[in-house]
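Let's take a walk through a protein model, one contact at a time. Have a look at the picture first, and then we'll go through it together.

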Amino acid sequence: MTYRRAVIPALAGALLLTALLWWAGASAHALRLPGATAMLDGQSAAELARWLTPWSYDPPASLQSGQEVSGGIGNAAGTAGTSYLALHTTALQIRFGAVFAFFVPGALLLVRRLPPVHGRMPAALLAVWAWGVVAGTLAVTVSAPWLIASGGHGSYRFLPRLAGVISSGRQVLVVTALVAAAVTVFMARVTAKGAGPLPRQVVPARAARLAATAGTAVIALSLVVLSYQPVAAVIQTVSPSIGLLAEPGDLLRQWLLLGGWSGPGGALGGWLLYRAADVLLLAVVWWALRRLPALLTRATVPAMAAGAVCATVLGLLASQLLRAALDGTSSGLRWGLLRLFAAIGDGVPAALTCGLVAGAVAALTLRVAVGRAENADATTPSVQGSSDQP
């Protein structure tokens, strides 16, 4: 599919995702009204408000009341409070603009290399959905410094605060990105009509398996080795004294670790049951990387890297849904559905980091394996022909 045909659905999906997030954020104040607690219990309303607040223009209570955040007297305090309020508004403007800016290139690449035709529709939908979650997470990341500064303590424990801001707002992203992905893929299917043949690349099965195994090994390094609690603790406690960039442990954990696990502390059966979620993540990644080269119109390094990121995000979501189901079964839903799904969307920054590396490794492995297979096919007839000679 050409860029001209792919850009229309990418722009439409980006606009819809931005609008849905803005609408969700604008609805956050409704959960504080007295009628909200009549429809929802207080705990559920508070949890839902916490999910929506990162996308809301409503400032914190200290800024709403016009109080100065970091100290001040009289007019100086009021002026500073207005400035912090402006910083908060700027942070949200950057956040929504960045959602649009990050979604468009990723969706454009995916729609162009993975057009939703000839059996590619489910794969394209899942990939664009995962990329929408990634785009929202990146938008939260780039707007975080303005949001931290609006609190009046921008230089105090900046990196740990940055890690905390990045991990917010992910639950709403999972839902809104799915709606935006459905619209994007539907429009891409319409624009692909009349675009001519969109063939699949012929990839030897052995080469595809080798590429998938190499890429999954990168994901397993984060999930199995780095996420092991003793190793994760070492990463989290990294705290060099370098001023504003001191204590990067929380941020490193956010961008390197796909989970966290330890040895069995209780019943072995229960421990193995929860490890099934990690196995599911790796299985989803391997299966997606195994299928991806044949689904792409051309298995380039950028396309494989984007596909690996999306596969890792989908694997994370699948494992988190399984864990939520296990927790709900064991607790009898006494914590409520919202609390059970509070961890949905965790680990997306690490999925982006590890997925990019995994995709690049898989693409290079695929290229080498395909090259060797072609060389073997080219030399086999000549060897047979020479052996047939008297």
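How many salt bridges does the structure hold? There are five of them. Keep in mind as we go that this is a predicted model.

Let's start with a pair in a helix. E47 and R50 form a salt bridge, and their closest N and O atoms sit 2.6 Å apart. Why do these two pair up along the chain? Both belong to helix 3, which covers residues 42–52, and because they are three residues apart there, about one helical turn separates them. R50, at 45%, counts as partly exposed.

Now for a pair that reaches across the sequence. E247 makes a salt bridge with R157, with 2.4 Å between the closest N and O atoms. Here each partner comes from a loop: E247 from the one between helix 10 (229–236) and helix 11 (249–256), R157 from the one between helix 6 (121–149) and helix 7 (158–166). That is why this bridge ties together parts that lie 90 residues apart in sequence. As for how open they are, E247 is partly exposed, with a relative accessible area of 32%, and R157 is partly exposed too, at 34%.

Another bridge links D346 and R170, where the closest N and O atoms are 2.4 Å apart. D346 lies in the loop between helix 14 (337–340) and helix 15 (348–388), while R170 is part of helix 8 (residues 170–192), so this pair connects parts that are 176 residues apart in sequence.

Let's finish with something other than charges. Which residues make a nonpolar surface patch of about 380 Å²? They are W22, W23 and Y57. Of these, W23 has its place in helix 1, which spans residues 3–26. Its relative accessibility is 57%, and since exposed means over 50%, W23 counts as exposed.

Notes: Residues numbered from 1 in each chain as written. Predicted model: local features only at pLDDT ≥ 70, side-chain atom pairs only at ≥ 80, totals over all residues. Heavy atoms only, no water. Patch = residues over 30% accessible without salt bridge, like charges linked within 9 Å, V, L, I, M, F, W, Y side chains within 5 Å. Areas by Shrake-Rupley, 256 points an atom, 1.4 Å probe, with all protein chains shown as cover. Salt bridge = Lys/Arg side-chain N within 4 Å of Asp/Glu carboxyl O. Helix = DSSP H or I, 4+ residues; strand = E, 2+ residues; numbered from the N terminus. Buried < 20%, exposed > 50% of the residue type's maximum accessible area, 1.4 Å probe, protein only.
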